[in-house]
Amino acid sequence: ENGDVPAYAAMLNEPQRQAVLTTEGPVLMLAGAGTGKTAALTARLAHLIATRRAWPSEILCVTFTNKAAREMRERVGRHIGDAVEGMPWLGTFHSIGAKMLRRHAELVGLKSNYTILDTDDQLRLLKQLIRDQELDEKRWPARQLAALIDRWKNRGLNPGDLDAVENEAYANGRGTQFYKLYQDRLKALNACDFGDLLLHMLNIFRQHHDVLAQYQKRFKYILVDEYQDTNQVQYLWLRLLAQERKNICVVGDDDQSIYSWRGAEVANILKFEKDFPGAAVVKLEQNYRSTPQILAAASGLINANSERLGKTLWTELPAGEKVRVVGVWDGPEEARRVGEAIERLESEGAPLDEIAILVRAQYQTREFEDRFIQIGLNYRIVGGFRFYERAEIRDMLAYLRVISQPADDLAFERIYNQPKRGLGAKTLEVMQRHARRTQAPLAAASLELAETDELPARARNTLVGLLSQFVHWREQSEKVTPSELLRMVVAESGYEEMLQKDRSAESAGRSENLTELARAMEDYETLGDFLEHVGLVMDNDRANDGEKVTIMTMHAAKGLEFDHVFLPGWEEGVFPSQRAIDEGGLASLEEERRLAYVAITRAKRRCTIYHAANRRIYGQWTSSIPSRFIEELPGDYVESETTMSGGASLWRANWTENEDPFAHVSSNRPGRSSARGPGWQRALASGYDATPKRLAEPGKSAASFAAKPRTDVAVG
Ligand code: ATP
Ligand code: MG
């Protein structure tokens with residue numbers, strides 16, 4: 001080192017360098033967004049290898065996503081050259097756990113070539129068990145059991161560890177029994193699920209001290225990014241591995257803990273100093289990512305949370321634009337405006353890869369996808385499927401295709417037994433054989449088939465029932481609007497019931513997607529028009545590579561950064577989500593607010609927030625009130641505008657004769673209440689005046705950024 005600063009440390013500031021050079025002993029880097037935590041962790045990795053403190057294979061480095069691992073590997077490689085062959089223990093908890101388990105599988109009764117089940121396989125297996133045990137699957141859905149088992153595994157609990165209360169959660173106290181049956185079955189299949197990757201290893205560490213000792217010795221250094229979102233099993237696993245050498249460096253931000261719904265515990269980072277006494281604590285306060293305005297807006301917002309450590313953040317970056325809050329009339333206008341703004345940025349030379357739209361819920365992507373396809377703007381959906389590719393959307397499109405086009409065999413095959421009607425693969429085989437023989441479309445052939453005795457009576461009846469439903473829907477399709485038709489099909493096909501019975505975390509999102517599909521269909525006069533549109537959209541999906549705008553959820557955006565960030569749908573019930581509001585607890589709203597903080601701090605140069613005054617659900621317009629988070633943004637750094645010059649006259653359309661439109665205005669300001677009054681009242685409460693409105697909150701504004709080269713934003 002000779003006083004020369006190696007390249008990987010050249011750009012680092014003093015505290016970052018300290019985090020890199022304090023190689024021995026535990027290190028905690030707890031700092032706000034964009035302060036260079038990940039950058040410092042990457043430099044530390046390079047430093048450890050470059051100075052021969054450890055071989056690449058002797059370092060355990062955990063990132064939150066595979067993408068982050070790839071980037072880190074690339075960056076380290078750039079600094080220390082490819083003399084370093086890959087870093088085998090750099091990856092996500094799952095990928096590292098899977099690799100370890102391969103070596104020790106026999107210790108938990110598996111072979112090293114075990115398969116990892118995906119969620120679908122897992123559900124199928126659980127369903128079998130439920131049926132074997134003659135439990136009513138409708139009453140106790142497999143998804144619920146899967147979610148429960150996941151939760152236990154996230155907490156490091158084996159079937160023997162559950163107490164009575166936890167056990168009660170499924171099938172009147174049979175939770176443990178099913179958990180155990182499931183684990184036994186997995187073993188018999190030489191398989192494990194995602195949760196097992198860590199739980200098995202934890203069990204091995206606990207029971208086989210020689211194995212633990214071997215890894216404790218091997219991993220001279222342990223590095224962990226996004227530590228605030230580790231769950232219990234990950235925490236226990238790391239703690240065991242680090243116990244011997246204690247060279248563990250974790251980085252994170254308590255304000256960015258957003259995965260508690262998946263079992264993450266922010267307490268893990270808060271108690272690090274207790275777990276590892278004598279830990280060096282490095283604080284990073286300079287933000288290198290965002291303009292002063294963006295930083296101040298985000299800092300002011302997160303300040304409304306009570307459960308936080310509190311941090312000071314400052315930046316030397318030149319002043320930029322204020323965070324913009326744009327009120328629009330409705331969803332389509334929101335999508336149109338975002339599209340226009342992006343086209344403007346593009347014409348100014350902004351690369352599309354530096355632009356992101358971050359949404360709270362998956363269903364929100366639809367409006368943007370439709371719009372972008374219409375204007376020919378390339379986009380990618382990260383961490384999820386494009387709207388029209390999602391399973392429940394494809395299912396419903398299949399129904400609609402069969403209605404519109406009875407000969408659409410592919411569509412019919414998709415849904416003849418979805419939701420489950422007891423028509424299995426066997427039945428399909430018979431149907432297909434008959435169709436081939438008679439050279440008729442599958443649906444028509446099935447109808448004929450139902451008059452023979454080739455199928456068992458039950459299957460025959462079910463088929464006839466289904467096909468007559470299609471006849472009915474086909475008739476209706478001439479009479480009602482496409483979106484009304486969809487609603488009918490969702491309800492009458494049993495699909496809605498299936499989703500309602502499904503108590504998993506995803507099922508709400510799936511219902512929301514169907515509501516959104518209905519919304520999309522409102523714009524079309526006939527079913528044919530709509531299906532043609534979808535056909536074109538799907539075609540566009542095969543579009544080229546090249547630069548693309550990113551659309552993703554706020555959750556998936558953690559750790560990333562973009563020049564320009566668009567944040568649509570900041571309305572009560574969308575963000576914060578209705579679920580968080582309904583739960584009503586402080587904890588869930590504070591987690592939503594942390595999510596807002598994560599979202600805003602992804603922006604380097606410009607951040608634009610949108611809220612619509614109206615959203616349409618199944619043809620019904622409902623008024624929305626702006627998110628409480630908008631009110632909480634410090635006014636000095638925010639510029640609000642509304643596109644509704646004639647707003648007042650437009651709301652009037654919603655009034656009924658004998659309501660006094662102004663009766664509740666003063667007593668019903670938006671903000672912390674989620675009260676849902678009549679439409680006009682909420683519209684008024686949303687404060688859509690024609691003039692730009694400041695959202696200043698006295699006493700909360702931070703020092704002016706523009707004036708000074710270095711500015712502190714005291715927070716918390
Ligand atoms: P998050 O909390 O969002 O994960 P982070 O603390 O991990 O943020 P990084 O992503 O490491 O922050 O860094 C944010 C940006 O600042 C990156 O573009 C990075 O290259 C840059 N950066 C980090 N440290 C420095 C530095 N010392 N000098 C200049 N730029 C830096
Ligand atoms: Mg980071």
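Tutor: Leaving aside neighbours within four places in sequence, Cys 61 is in contact with Leu 45, Met 72, Met 87, Trp 89, Leu 90 and Leu 223; contact means that the C-beta atoms, placed from the backbone, lie within 7 Å. This is a predicted model, in which local features need pLDDT of at least 70 and side-chain atom pairs count only at pLDDT 80 or more, while totals for chains, interfaces and linings use all residues. Residues are numbered from 1 along each chain as its sequence is written, and chains are lettered from A and ligands numbered from 1 in the order in which they are written.

The largest nonpolar core has 79 residues, and Cys 61 is listed with Met 29, Leu 45, Ile 59, Ile 222, Leu 223 and Val 250 as having the most contacts inside it. Such a core is a set of buried Ala, Val, Leu, Ile, Met, Phe, Trp, Tyr and Cys residues joined through C-beta atoms within 7 Å; buried means that 20 or more other C-beta atoms lie within 10 Å of the residue's own, against 12 or fewer for exposed, with partly exposed in between. Helix 3 gives the largest share of this core, 9 residues. Helices (H or I, at least four residues) and strands (E, at least two) are DSSP runs, numbered from the N terminus. In soluble globular proteins, nonpolar side chains tend to be buried together.

An open sheet is formed by 6 strands in the order 3-2-6-7-1-8, with parallel pairing. Strand 3 (90-91) and strand 8 (280-282) are its edges, each pairing on one side only; two strands pair if DSSP finds at least two bridges between them. Strand 2 (residues 59-62) is joined to strand 3 in the parallel sense over 2 bridges, and Val 62 has Gly 91 as its bridge partner in strand 3. Helix 3 packs on the sheet and touches strand 1 (27-30), strand 2, strand 6 (221-224) and strand 7 (248-252). The direction of helix 3 makes about 160 degrees with that of strand 6, where axes are lines fitted to C-alpha atoms, for helices over the stretch in contact, and angles run from 0 to 180 degrees between N-to-C directions.

Helix 3 (residues 37-50) also supplies the largest share of the shell around ligand 1, 3 residues.

Note on methods: Two residues are in contact if their C-beta atoms, placed from the backbone, lie within 7 Å.
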